[in-house]
Amino acid sequence: RRLRQQQYVEYDRSHHHYFTCQQTERKVSTFLSLAPTEMSKEMYDDGYSNLKNLDFSEVVIAQMSQYEPQMIWEVMDVTDLKYANGSFDAVVAKGTLDAVLCSGLGDQKRMMEEIYRVLSDKGMLIAVSFGLPEKRRQMFDEPNLRWHTKVHTVP
């Protein structure tokens, strides 16, 4: 199976929107990519070299690490991230919210807590989803998490 088939949106169409829509001059230097695809490779090639990629599937990580051995690939559960608090400036979750919601396991609250925990104080979550914004915003409504959300539609 080709990796391109997993894309929700092409990186070249989306990266400018994701990374330049932020009203900040702070450089994003540490990335965590959940459910990595070819987008991770394209980000790496664009200079985002401090990028860690994870997926819960050992098969996916084995395939990706053979495809791009210079990058960091780790098997990990998004509801139990093995990183220190504040480890990342940005988390890219492309399809992750959809996958966790559709799993029926009810782990979305724990996932959001873990993502929030590993983000730095000024960190951002870039969530790419097929879901309607009003349906996905519910995931950001936990009272103990102080998310500031913006919705951007990529044509």
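Helices (H or I, at least four residues) and strands (E, at least two) are DSSP runs, numbered from the N terminus. By that rule the chain has 6 helices and 5 strands. This is a predicted model: local features need pLDDT of at least 70, side-chain atom pairs count only at pLDDT 80 or more, and totals for chains, interfaces and linings use all residues. Residues are numbered from 1 along each chain as its sequence is written, and side-chain values use heavy atoms, with hydrogens and water left out.

Q: Why is Leu 51 called buried?
A: Buried means under 20% relative accessible area, exposed over 50%, partly exposed in between (1.4 Å probe, protein chains only). Leu 51 has a relative accessible area of 2%, so Leu 51 is buried. Leu 51 is found in strand 2 (residues 51-55).

Q: Why does Gln 63 count as exposed?
A: Gln 63 has 51% relative accessibility, and therefore counts as exposed. Gln 63 lies in helix 3 (residues 58-67).

Q: How many residues does the chain have, and what share counts as buried?
A: The chain has 155 residues, and 43% of them count as buried.

Q: What is Leu 51 in contact with, leaving aside its neighbours within four places in sequence?
A: Contact means heavy atoms within 4.5 Å. With those neighbours left aside, the partners of Leu 51 are Phe 31, Ser 33, Ser 40, Met 43, Tyr 44, Met 71 and Ile 72.

Q: Why are helix 4 and helix 5 called roughly antiparallel?
A: Axes are lines fitted to C-alpha atoms, for helices over the stretch in contact, and angles run from 0 to 180 degrees between N-to-C directions. Angles under 35 degrees count as roughly parallel, over 145 as roughly antiparallel, 65 to 115 as roughly perpendicular and the rest as oblique. The axes of helix 4 and helix 5 cross at roughly 150° and come within 9 Å. The two helices are therefore roughly antiparallel to each other.

Q: Which residues make that contact?
A: Helix 4 brings Thr 96, Leu 97, Val 100 and Leu 101. Helix 5 brings Gln 108, Met 111 and Met 112.

Q: What makes up that contact by class?
A: The contact has 5 nonpolar, 2 polar and no charged residues. Ala, Val, Leu, Ile, Met, Phe, Trp, Tyr, Cys and Pro count as nonpolar, Asp, Glu, Lys and Arg as charged, and the others, Gly among them, as polar.

Q: Which residues of helix 5 are buried, and what do they pack against?
A: The buried ones are Met 111, Met 112, Glu 113, Glu 114, Ile 115 and Val 118. They pack against strand 1, strand 4, helix 4 and strand 5.

Q: What makes a nonpolar core, and how many residues has the largest?
A: A nonpolar core is a set of buried Ala, Val, Leu, Ile, Met, Phe, Trp, Tyr and Cys residues joined through side-chain atoms within 4.5 Å. The largest has 22 residues. Leu 32, Met 112, Ile 115 and Leu 125 have the most contacts inside it.

Q: Which element gives the most to this core?
A: Helix 5 does, with 4 residues.
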